[in-house]
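Here are my notes on this structure. Please read them alongside the coordinates.

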Amino acid sequence: MYVKQFMTSRVFTVSPEDNIADTMALMREKQINRLPVVDKGKLVGIVTDGDLREVSPSPATTLSIFELNYLVGKTSIRDVAVKKVITCTPDTKIEDAALLMREHGIGALPVVENGKLVGIVTESDIFDTFLDIMGFRSPGQRFVIETKDEVGVMVDLSSIMKEHDVDITSLAVYHLKDNRVQILARLNGDRVNEVKESLVAKGYSLSH
């Protein structure tokens with residue numbers, strides 16, 4: 001699974017010369033909270049709604065509305081954008097992208113290919129990926145199969161599914177302590193209950 005499968009290809013951007021007021025208006029209009037900063041086709045920074053709030057005048061200020069508008073209209077994105085941007089490529093593995101976000105405490109990665117901005121992947125995209133891997137949107141009944149972590153388990157499970165003509169629509173493995181694993185599976189077919197009985201009969205611990 002790669003970033004190119006989950007990234008947003010249509011990316012709204014701003015230039016270093018754009019001002020805070022226009023950038024905040026664009027974020028509100030498009031319902032986004034971060035914008036890559038592009039200058040002459042090159043990615044030169046990224047700005048978030050948090051960055052803009054930090055440099056915007058406080059509501060408690062004694063400045064007049066005219067002075068406020070002047071300040072936000074004159075302050076350029078060049079002055080507030082993060083210049084050192086962590087990026088990835090379309091072929092970056094999605095788990096590597098998630099790790100980059102986690103390690104750097106950021107919510108998005110601009111996606112760059114051959115020096116050109118081609119997309120953006122966000123924490124929401126990572127959440128969607130997680131839901132897909134866990135089979136949240138897949139058809140079938142959800143089962144958690146707990147067993148020893150040993151060679152041959154997956155072959156045994158697949159043979160039981162095949163014997164009962166049941167489709168595995170999603171599969172995920174979580175390693176526990178004491179050399180045990182939990183296998184989250186979604187099973188789809190008319191004989192799912194028979195699979196359940198077979199698994200229990202063979203000594204597997206089963207829960208929904």
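1. I160 sits in helix α6. Helices here are DSSP runs of H or I with at least four residues, strands are E runs of at least two, and both are numbered from the N terminus. I160 counts as buried, because its relative accessibility is 4%. The cut-offs are under 20% relative accessible area for buried and over 50% for exposed, with partly exposed in between (1.4 Å probe, protein chains only). Leaving aside neighbours within four places in sequence, I160 contacts V195, S198, L199 and K202. Contact means heavy atoms within 4.5 Å. I160 and E194 are 34 residues apart along the chain, and their C-alpha atoms are separated by 9.6 Å.

2. The model is predicted: local features need pLDDT of at least 70, side-chain atom pairs count only at pLDDT 80 or more, and totals for chains, interfaces and linings use all residues. Residue numbers run from 1 along each chain as its sequence is written, and side-chain values use heavy atoms, with hydrogens and water left out.

3. How do α6 and α7 pack? Helix α6 covers residues 153–163 and helix α7 covers residues 192–201. Their angle is about 145°, and the axes lie 9 Å apart. Axes are lines fitted to C-alpha atoms, for helices over the stretch in contact; angles run from 0 to 180 degrees between N-to-C directions. From α6, the contact uses L157, I160 and M161. From α7, it uses V195, S198 and L199. These residues divide into five nonpolar, one polar and no charged. Nonpolar covers Ala, Val, Leu, Ile, Met, Phe, Trp, Tyr, Cys and Pro; charged covers Asp, Glu, Lys and Arg; the others, Gly among them, are polar.

4. V166 belongs to the loop between α6 and β6. Is V166 buried or exposed? V166 counts as buried, at 9% relative accessibility. Not counting residues up to four places away in sequence, V166 touches M161, L187, N188, R191, V192 and V195. M161 and V195 also take part in the contact of α6 with α7. V166 and D190 are 24 residues apart in sequence, with a C-alpha to C-alpha distance of 7.3 Å.

5. T48 is placed in strand β2, residues 42–48. At 24% relative accessibility, T48 is partly exposed. Not counting residues up to four places away in sequence, T48 touches M27, N33 and R34. T48 and M24 are 24 residues apart in sequence and 9.3 Å apart, C-alpha to C-alpha.

6. Two residues other than glycine deserve a backbone check. Q31 has phi near 55°, a positive value. Q31 is in the loop between α1 (20–30) and β1 (34–39), and counts as exposed at 74% relative accessibility. D178 has a positive phi of about 60°. D178 is in the loop between β6 (167–175) and β7 (180–188). D178 is exposed, with a relative accessible area of 73%.

7. K4 lies over the face of Y2, at 5.8 Å from the ring centre. The criterion is NZ of Lys or CZ of Arg within 6 Å of the ring centre and within 35 degrees of the ring normal.

8. On the chain as a whole: the secondary structure comes to seven helices and eight strands. Buried residues make up 35% of the 208 residues. Among contacts with a separation of 6 or more, 63% join residues 24 or more positions apart.
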